[in-house]
Amino acid sequence: MPKKKTIYDLQQMKRKGEKVTWITSYDAPTAALAEAAGLDMLLVGDSLGMCVMGLEGTVPVTMEQCLHHTRAVRTGAPNTFVIGDMPFMSYQASVEDAVRNAGRFLKEAGADAIKLEGGVRVTRQIHAIAEAGIVVFGHIGLTPQSSGQLGGFKAQGRTVEAARHVIKDAMAVEAAGAHCLLVEAVSPEVTALIHKHLTIPVYSIGAGPDVDGQLLIVSDLLGLFQAFTPKFVKKYAHLAEEMKRAFGEYCSEVRSGAFPGPEHVYNMVEGEADKLGELEQEIWAS
Ligand code: KIV
């Protein structure tokens, strides 16, 4: 029986350089297989809109749906760290909404932490949720709930100017009191800088290898999601029967550093990475 991780364990793993493995999960059987395979964390993502409900995006997903799936995952994986994902409009309108809805994930669904999207513009919410005693994961870079503003599901931070915004978001999330940060679809050079300068654990989904752990969407990982496959995805299986085998292989490749490889990252536009040193000086020199 694995021992459930705590935020303290995640900090210790960062300190020791042990990679954290996590995937999304939406149901109890998959969560149970994930726990048996030794995943460190499970995110009940609002990607359930696309992966489970067949929607085109995450915007229509509701609090009730997220709570429902989080409860199922909690039941299937009682000894795994479970993160509830705050859906669109559960935290944007007010700090009060944010704290109440974050609390519902813990009280009604048994989550260990919550995740919310955004950097600078959600710092009041992050601060208030953390002040309420809840473990908070920030999520920056490609934030699917704002894909309308981002012009679609596009990689972020591929120029120095774009990198500046991503870095500012990362710094704001940490300063607001978040306990961990997830970076999505950001050039690996930029993610590495963020990882170098932040003290909280930094995790990647499509944001390169120089971080404290890797996240993938379970339906992508298993070859179940047919609509499209982002570049950063590696398919570990194509058949449902292979699910348990795939989780284990994913874990071992993340832990050994074999995944992600150079083919799973969004490199910066040619010549832009050379300018990151100047940006680093400008932001962190003083
Ligand atoms: O909903 C989700 O699964 C997510 C990931 C894309 C990070 O937020």
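**Figure 1. Residue classes in the lining of the largest pocket of the predicted model.** The lining divides into 18 nonpolar, five polar and seven charged residues. In total, 30 residues line this pocket. Those nearest its centre are Pro144, Phe153, Glu184, Ile217 and Phe232. Two or more lining residues come from each of helix H3 (48–51), strand E4 (113–117), strand E6 (180–184) and strand E8 (213–216). The volume of the largest pocket is about 430 Å³.

**Figure 2. The ligand in the largest pocket.** The ligand sits in this pocket, which has a volume of about 430 Å³. Around the ligand are Thr24, Leu43, Gly45, Asp46, Ser47, Asp85, Lys115, His139, Leu182, Glu184, Leu215 and Ile217. This shell is made up of four nonpolar, four polar and four charged residues. Glu184 and Ile217 belong to the shell, and both are also among the residues that lie nearest the centre of the pocket.

**Figure 3. Polar side chains facing oxygen atoms of the ligand.** Ser47 places a polar side-chain atom 2.5 Å from an oxygen atom of the ligand. For Lys115, a side-chain N or O atom is 2.9 Å from a ligand oxygen atom. For Asp85, the separation between a side-chain N or O atom and an oxygen atom of the ligand is 3.1 Å. On its own the ligand has 260 Å² of accessible area, and the protein covers 98% of that area.

**Figure 4. The second largest pocket and the residues at its centre.** This pocket has a volume of about 250 Å³. Its lining consists of 16 residues. Gly141, Thr143, Leu150, Gln156 and Asp169 are the closest to the centre. By class, five of the lining residues are nonpolar, nine are polar and two are charged.

**Figure 5. Helices and a strand that line the second largest pocket.** Three elements, strand E5 (136–141), helix H7 (147–150) and helix H8 (160–176), each give at least two residues to the lining. H8 supplies four residues, the largest share of the lining.

Note on methods. Residues are numbered from 1 along each chain as its sequence is written. This is a predicted model: local features need pLDDT of at least 70, side-chain atom pairs count only at pLDDT 80 or more; totals for chains, interfaces and linings use all residues. Side-chain values use heavy atoms; hydrogens and water are left out. A residue is near a molecule or strand if one of its heavy atoms lies within 4 Å of it. A polar contact is a pair of N or O atoms within 3.5 Å; within protein, one must be able to donate a hydrogen and the other to accept it, and residues adjacent in sequence count only if both atoms are side-chain atoms. Accessible areas come from the Shrake-Rupley method with a 1.4 Å probe; for residues, only the protein chains shown count as cover. On a 1 Å grid over the protein atoms alone, a cavity is a set of points where a 1.4 Å probe fits but cannot get out, and a pocket is an open set with protein on both sides within 12 Å along at least five of seven lines; lining residues have an atom within 4 Å of a point. A molecule sits in a cavity or pocket if more than half of its atoms lie within 2 Å of its grid points. Ala, Val, Leu, Ile, Met, Phe, Trp, Tyr, Cys and Pro count as nonpolar, Asp, Glu, Lys and Arg as charged, and the others, Gly among them, as polar. Grid points are joined across faces, edges and corners, and a volume is the space filled by probe spheres set on the points.
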